[in-house]
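Please look through the structure shown here before reading on.

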Amino acid sequence: AFAFQTLLALAMQSFRQPVVVVAGRRFFSSGSAYDLCVIGGGPGGYVGAIKAAQLGLKVVCVERRGTLGGTCLNVGCIPSKSLLNNSALYHQAQHDLKARGINFTSVSMDLDVMMKNKEKSVDQLTKGIEMLFKMNKVTYVKGHGTLTGPNSLSVSLLDGGEEKIEAKNIMLATGSDVVSLPGIELDEKTIVSSTGALKLEKVPEKMTVIGGGVIGLELGSVWARLGSKVTVVEFMDSIGGLGIDAEVAKNFMALLKKQGLNFKMKTKVTGVERTGSGLKVNTVAAAGDSPESLDADVVLVCVGRREYRDNLGTDALGIEMDGKKIKVDHNFRTNVPSIFAVGDIVTGPMLAHKAEDEGALVSEFIATGKPPHLDYNCVPSVVYTHPEVAWVGKTEEQLKAEGVEYKKGKFTFGANSRAKANGDETGFVKVLACKKTDKLLGVHIINNLAGELIGEACMALEYGAASEDIARVCHAHPTLSEALKGAAQMTAFGKAINSP
């Protein structure tokens with residue numbers, strides 16, 4: 001009898017998804033309830049799922065795309081960085097290597113190979129997350145999840161049919177999607193979003209980028225390096241988007257102009273027309289006058305992103321909103337106690353690393369009760385152009401608006417020995433600190449490795465360091481990081497050792 005019962009139990013366990021036929025449609029049951037169901041397999045979702053599993057929870061992750069990693073890994077951060085890196089190498093081969101004593105007869109670019117390298121990196125990383133799911137015993141369901149109750153959802157499976165899932169807790173991590181301007185329809189061939197700009201089949205002779213924020217500048221610089229005549233049209237009077245320091249933005253634009261990018265600032269796009277030879281972008285000054293038009297072969301629309309809640313079921317369930325964002329408390333919990341939300345659909349910067357931290361923190365809270373803590377002021381921003389621009393904390397404009405008395409120190413990479421030896425002296429580091437207490441308030445960097453250098457500033461800001469703390473920490477020599485130390489010396493002492 002014992003042997004029969006054991007065999008019966010094993011047989012029952014092998015059927016995780018028993019099929020139920022209702023009105024001619026296939027339905028699946030998830031079996032016993034999960035501790036956590038994560039809707040969305042992007043940076044917030046997949047990190048949250050893995051963290052929860054590592055803490056001993058039974059976890060299922062539902063992803064509509066069919067590949068994990070979300071926008072960031074599939075059509076955002078990762079593929080764009082592949083193109084940014086390789087286009088920078090091509091540009092360097094054309095314009096810089098001979099001056100370094102590296103001679104060659106000619107250099108050419110194979111766009112197909114470049115695109116295949118991009119796709120290879122995406123494929124390896126998405127499969128890597130699937131492997132991590134298997135290693136951590138996270139159940140992966142491919143389909144679109146819709147909430148049906150505080151502890152349940154229905155998944156429209158990509159392979160057909162529907163699966164019902166029950167969970168003690170649900171984490172919403174559905175991310176965001178591209179948007180266009182009214183009257184401008186994306187075809188992802190000639191009028192493209194960032195998604196289409198990552199898979200163009202040839203280098204356009206002329207490209208107009210609508211929007212001078214992070215995404216527009218990154219992808220615009222890619223195609224400019226590869227040979228396109230790029231014009232960036234921006235409604236505001238500075239580039240870089242929200243949060244960038246004005247002095248940094250001014251220097252940044254000057255550097256991009258030297259690389260061949262053109263800018264039309266304080267200009268509004270009123271429409272895009274198809275002509276016999278391509279596209280015509282109609283503009284007016286932000287004040288509403290001076291109509292003008294630009295010819296283009298490709299128009300890249302980068303005017304922001306929208307929170308993705310399509311058919312998520314939050315409205316039907318009565319989940320409260322804060323404008324376009326899902327309203328959450330300090331524990332990232334919605335007004336429905338069993339449902340949490342993270343990433344682009346809640347307040348805070350729409351950044352992958354912010355979503356990752358939120359996902360991990362919420363999972364830790366569900367598993368252990370430890371309250372989550374994430375200071376958005378300590379979340380860094382990076383523009384991955386060449387040079388890169390990175391910052392964390394406050395800008396000078398924000399401190400002035402808040403009435404905070406501050407002091408600043410600035411150190412150029414032209415005075416940094418490693419930058420000088422590398423023949424790459426572009427940019428500077430600016431450190432802002434409280435005038436009275438010397439507490440660090442913000443750090444801003446322009447440099448080819450700014451995204452790597454900003455990590456030290458994030459750590460210092462998170463732990464309440466003073467600029468003097470950074471100035472007195474021993475940095476390896478010769479390194480680019482010494483420029484941060486030099487800027488901190490300027491802030492703390494009024495002078496830096498290696499700067500006049």
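In this predicted model, the elements that cover the buried residues of α15 include the strands β23 (406–412), β24 (428–434) and β25 (440–447), together with the helices α12 (417–422), α13 (450–462) and α14 (467–472). Helix α15 itself runs over residues 482–493, and its 12 residues reach 16 Å from the first C-alpha to the last, close to the 16 Å expected at 1.5 Å a residue. The helix is mostly covered, since 10 of its 12 residues are buried, among them Glu482, Lys485, Met490 and Thr491. Just after α15 comes glycine 494, which takes a positive phi of about 85°.

A second topic is the packing of helix α4 (residues 77–95) with helix α7 (residues 214–225), whose axes lie 9 Å apart at an angle of about 35°, in a crossing that is left-handed. On the side of α4 the contact is made by residues including Leu83, Leu84 and His91, and on the side of α7 by residues including Leu219, Val222 and Arg225. The residues of this contact divide into six nonpolar, five polar and three charged.

| Cysteine | Relative accessible area | State |
|---|---|---|
| Cysteine 72 | 16% | buried |
| Cysteine 302 | 14% | buried |

Methods. Residues numbered from 1 in each chain as written. Predicted model: local features only at pLDDT ≥ 70, side-chain atom pairs only at ≥ 80, totals over all residues. Heavy atoms only, no water. Axes fitted to C-alpha atoms, helices over the stretch in contact; angles between N-to-C directions. Helix = DSSP H or I, 4+ residues; strand = E, 2+ residues; numbered from the N terminus. Left-handed = near helix turned anticlockwise from the far one by under 90°. Contact = heavy atoms within 4.5 Å. Nonpolar A, V, L, I, M, F, W, Y, C, P; charged D, E, K, R; others polar. Expected span 1.5 Å × (residues − 1). Buried < 20%, exposed > 50% of the residue type's maximum accessible area, 1.4 Å probe, protein only.
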